[in-house]
Amino acid sequence: WLRKEVYDYFNSHITMTTPCSVFHVRRGDTKGHYGKKYHPIHHYATALGNHTHENVLLLTDSSLAIDEAHEAYPSLNWMHFNRTRLLLFRAST
């Protein structure tokens with residue numbers, strides 16, 4: 001039942017284009033943790049190399065990560081849930 005609930009929620013809140021890559025970018029965990037760094041979007045993209053699809057599902061707690069993704073890779077089709085997020089950390093490249 002839980003899998004169906006997650007599936008239904010997902011499909012009612014986002015229009016998916018497949019195939020796609022998925023980036024899970026967490027920045028809230030680094031806030032207040034001394035010495036703990038977060039990874040900018042380009043680290044995720046370069047880690048996948050040429051295996052990154054043109055469609056990317058971005059799961060994140062940071063609205064700035066969404067902005068960063070669109071700025072760094074405007075040719076990719078970025079998909080994400082439309083919800084309120086924290087303003088956490090803008091990456092410096």
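Trainee: Which residues form one aromatic cluster?

Mentor: Rings of Phe, Tyr and Trp (its six-membered ring) pair if their centres lie within 6.5 Å; planes under 30 degrees apart count as stacked, over 60 as edge-to-face and the rest as tilted. Here Tyr9, Phe10 and Phe81 form one cluster. By this rule the count comes to 4 aromatic pairs.

Trainee: What should I know about the model itself and its numbering?

Mentor: It is a predicted model: local features need pLDDT of at least 70, side-chain atom pairs count only at pLDDT 80 or more, and totals for chains, interfaces and linings use all residues. Residues are numbered from 1 along each chain as its sequence is written, and side-chain values use heavy atoms, with hydrogens and water left out.

Trainee: How do I describe a pair of rings?

Mentor: A pair of aromatic rings is described by the distance of the centres and the angle of the planes. Phe23 and Trp78 are edge-to-face, at 5.8 Å centre to centre and 65° between the planes. This pair links distant parts of the chain. Phe23 sits in strand β1 and Trp78 in strand β3 (residues 77–79), 55 residues apart.

Trainee: What are the helix and strand counts behind those labels?

Mentor: Helices (H or I, at least four residues) and strands (E, at least two) are DSSP runs, numbered from the N terminus. The protein chain has 3 helices and 3 strands. Their order from the N terminus is α-β-α-β-α-β.

Trainee: Are Phe23 and Trp78 buried or exposed?

Mentor: Buried means under 20% relative accessible area, exposed over 50%, partly exposed in between (1.4 Å probe, protein chains only). Phe23 has 2% relative accessibility, so it counts as buried. Trp78 has 7%, so it counts as buried too. Across the protein chain, buried residues make up 32% of the 93 residues.

Trainee: Which residues form the largest nonpolar core?

Mentor: In soluble globular proteins, nonpolar side chains tend to be buried together. A nonpolar core is a set of buried Ala, Val, Leu, Ile, Met, Phe, Trp, Tyr and Cys residues joined through side-chain atoms within 4.5 Å. The largest one has 11 residues: Phe23, Val25, Ile41, Ala45, Val56, Leu58, Ala65, Ile66, Ala69, Leu76 and Trp78. Elements giving two or more residues to this core are β1 (21–25), α2 (41–48), β2 (55–60) and α3 (63–72). The largest share, 3 residues, comes from α3.

Trainee: Which residues of α3 are buried?

Mentor: An α-helix has 3.6 residues a turn, so residues three or four places apart point the same way. In α3, the buried residues are Ser63, Leu64, Ala65, Ile66, Glu68 and Ala69. Their cover includes β1, α2, β2 and β3.

Trainee: How do I read the strand pairing?

Mentor: Two strands pair if DSSP finds at least two bridges between them. β1 and β2 run parallel, joined by 5 bridges. β2 and β3 also run parallel, with 3 bridges.

Trainee: Why is β2 described as largely enclosed?

Mentor: Because 5 of the 6 residues of β2 are buried. In β1, look at the faces: Ser21, Phe23 and Val25 are on the covered one, Val22 and His24 on the uncovered one.

Trainee: Which side chain does Asn55 join by a polar contact?

Mentor: A polar contact is a pair of N or O atoms within 3.5 Å; within protein, one must be able to donate a hydrogen and the other to accept it, and residues adjacent in sequence count only if both atoms are side-chain atoms. Asn55 lies in strand β2 and is buried, at 7% relative accessible area. The side chains of Asn55 and Asn77 are joined by a polar contact of 2.9 Å.

Trainee: Where is His53, and what does it touch?

Mentor: His53 is in the loop between α2 and β2. With a relative accessible area of 32%, His53 is partly exposed. Contact means heavy atoms within 4.5 Å. Not counting residues up to four places away in sequence, His53 touches Pro19, Cys20, Ser21 and Leu76. His53 and Ser21 are 32 residues apart in sequence, yet 5.5 Å apart in space, C-alpha to C-alpha.
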